[in-house]
Amino acid sequence: MSSHVKLWRDKVGTADYDTQIKEVRLQLAEQLRILDSHVEQKGQIFQDLADYLRRRGEIEGEYARSLDKLTERFSSRTRKKEPSHQSVVNCWQVLLTQTRQESKDHSMLSDSYSYILPQQLSHCIENAQRLAKRSRDICTQLQDGLLKVTAELQTALKTYYQYYTEFLSAEGKLKEATKLEEKQKQSASKKMERLIEKRQFKVEEIQLKCTKARNDYLLNLSAANACLNKYYLKDLSTLIDCSDLGYHQSISKVLQFYLARRQLVQQNLCSGWQQLNAAVSELSQNQDRDALMQTNISAFCMPLRFLYQPYEGDQVCEVSATHDTMSDLVTRFQQLQSRLSSITTEVEESNKILQSSQSSVISSIFEDTFGSVLDVPDSPSHEGSGDILASKSQQIKRRASLPDTENVYFMKVKDYLCNSSLISKLEAKHDLLKDAIQRAANLDVNQSRIQSKRSVRQRKSQLSTHIDQKLFNGNLLSYIQVSGQPIPAIVENCVRFININGLHHEGLFRVPGSQMVVNQLKDAFEIGDDPLAEGMCDMDSVAGVLKLYFRGLEKPLFPEDSYDQLMECGQIDDETKKALQLKSIISTYPAPLTIVMRYLFAFLHHVSQYSDENMMQPYNLAVCFGPSLVRGPDIGDAAELQRINFLVKSIIIQHESIFPSQTELPGPVYEKCMTLEEEDCEAVAEEGDGESDQSQIKEAKDEVLGVAMYDYTGRSQSELSFKQGDRLILHSQASSEWWRGEVNGTKGLIPNKYISVPSMDGVQDQKGKDAVKSSSGRDQSEEQPKTEQTIRPKVSNDKSGVGTSNVASGKISLQIPTGQYMRPGTSPGALRKTLDPQMRRTTAEGGTKVESTIEVDKGVCIMMNSVFQELISRQSS
């Protein structure tokens, strides 16, 4: 701030105060002139900016009115037409909407530039002038004070010079008197002494005045320099700041407002471009076709089926395959099969050619329409005219070949449609003949031999084949009322299968199953069978069928009229209040729907309790089931789906607080420990080969002592918690996955996969001998110690070794059990993944273990035996 100041002594040299003060006066006057011109410059800038904005506003207004007229011209045409939902019309509507929005944005800019900003700038001019005037008044006062200080300095300097001159004169007189005294010393005149004293007093008096005058001069000099320094170094900067107070902020605010409006227009323009781009990307020929047919549904809807109208008295309503007509029907059936095979092959080939012809027609249309535009060179050159002529000739050739390509395409379309219609006609006849021949064949076979020994659950589900209501893509409430099933059989059977076999399955409900298997399961459930009764099915496909059932319901599980209320509940942060609000909403639902909800969400909560193994936390389950259970008008919106998923997650977590208990609402509830039904067990026993394991029946009745292999924390009050190595008392098996037992006097459920059960593992101490044949053919016997045949990832409580092995020709045949517990990994989750669910279920229920025989060298076997013995000794210690 002091860099512009120059010291006066460097400029003028000596203290010529008159000249110096005169220059200061001229400089102060120049300062006032500069400040005045600065104020005028600020006002001119404000005025120019206001004029620019007014003119810019007029231009924006003209552009906005032009866009508005353009939009209104074409909008009036579209209003006269009937509304359409085709994607091309949607693109046109989006383009008009974007243009209309652009017109509004430019009109807003016109208003801002023409009225708002100029008015603000006029206020800025008034404020700047007022502040500049106040600053100039202060500057004038400061300059007056500065000049006053310089005047005082001049007065002090004159006074100092005057007294100093008198001091020099008095001092000279004193010296003269002293010299006279020395000359007249001999006379010793008293008169001379008095003169010297008088003059000495005069000198001292004048010297004192001179000292005071010099001090006063020095003080005024210092004060004048200090005032000059302060004025030039601080006061001028402060006055300029006061004059410019709010000037830069005002310009900044005006331009910020200008930029904000321009940015808003740009954002709206980008948003309109994105919407138009999205509409272009959603152009769909199939969608427009369906919309056209749906709009004119009366013209395109399929007519009623032709009903069978028998002649009076004729009661037969199906193809009859009697003994007399059987040969004729069989011959006709075979001919239809042959005909269908040949026509199907022709249709497949025709379809391939049709796809190729379609691509050729589309390519020809594009080249004919846009080829001339694409072939035009970007920049002019000497060869530009030749390129244009070549592109025109190519376009003429393409246009000439286009009718031939279209003729081939439509010919293939005609052949494909005609042959497809013929196939539909022949297939209808083929299916009727096939059913008639099968019915006739079934009548000739003994009924007792063809009745399969199905489970009771299958026999129950067959009753649903006569239900008029659809299972898939139907109405859940109507199906429950007609079938009398509180929980639809498909839901109950799928939940039971997953409960028994799949709670630990990684990616449950998230990993898609085989579409072919899902369709097979769907068809089986639709006709009333239970394809899960035998227990041989892919877990992901079963989960997919359950999701498909809820996704395909005609009406979602949560009624659509309560969608807004549910979404409002989802916005509540307090989980307790949210649960109470959801409970009040669900209490208004029909009781059958509430029972199904209670059953389903209890099951999903049970699945989430195994999330450390199946990787399905409540939110992941909500993502899989949320859009199927809760449907709203904006179900395609990503933000809306997110809200639905969080809502379903809260219901899964707090299902016990939300849904009424069994005492409040009687009906079936989900059981965590599901088992095969007694009727199912009897049916399985009938279908088996008659073999039964008496030892397993005895184990189910008697108490069994087990050992915990891993730490386990119960997920509910009915499950027990224990540590690795704890002794467990097992009373009976609740299912293939759970035991009923007690730990330290507390009774509850114990997971089978976390414990070692001797009766289940086949741990039996046995003593035998390995027969070894020597090269001379003589038998040698060795007594082997008691060994445990089951091999585990960790050594069990007592012993672990190698079972009986046969030695022949220096080789030992080693039989290694590969049942349920021979699995890699160290955790129950890792052990469980390598087994098929059915194999795991069979082994857990005491099924036959699978053993693999491996031939190893005798020396290797002895070494392995020693290693096992060492491991046993370390484990026991």
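At 41% relative accessibility, glutamate 193 counts as partly exposed, a class lying between buried (under 20% relative accessible area) and exposed (over 50%), judged with a 1.4 Å probe and protein chains only. The model is predicted, with local features needing pLDDT of at least 70 and side-chain atom pairs pLDDT 80 or more, while totals for chains, interfaces and linings use all residues. Residues are numbered from 1 along each chain as its sequence is written, and side-chain values use heavy atoms, leaving out hydrogens and water.

Let's stay with glutamate 193 for a moment. This residue lies in helix α4; helices here are DSSP runs of H or I with at least four residues, strands are E runs of at least two, and both are numbered from the N terminus. Together with Glu181, Glu182 and Glu197, Glu193 belongs to a patch of negative charge on the surface. Patch members have over 30% relative accessible area and no salt bridge, with like charges joined within 9 Å and nonpolar side chains (Val, Leu, Ile, Met, Phe, Trp, Tyr) within 5 Å. Both α3 (87-183) and α4 (190-243) supply at least two residues of this negative patch.

A nonpolar surface patch is formed by Val88, Val280 and Leu283, with about 250 Å² of accessible area together, computed by the Shrake-Rupley method with a 1.4 Å probe, counting only the protein chains shown as cover. Leucine 283 sits in the loop between α5 (247-281) and α6 (285-295).

Now for the salt bridges, in which a side-chain nitrogen of Lys or Arg is within 4 Å of a carboxyl oxygen of Asp or Glu. The count comes to 12. One of them joins aspartate 36 to arginine 136 at 2.9 Å, N to O. Another salt bridge connects aspartate 244 with lysine 42, their closest N and O atoms being 2.9 Å apart. Here the partners are 202 residues apart, aspartate 244 in the loop between α4 and α5 and lysine 42 in helix α2. Both aspartate 244 and lysine 42 are buried.

How values were computed
Lys and Arg count as positive and Asp and Glu as negative; His and the chain ends are not counted. The place of a charge is taken as NZ of Lys, CZ of Arg, CG of Asp or CD of Glu.
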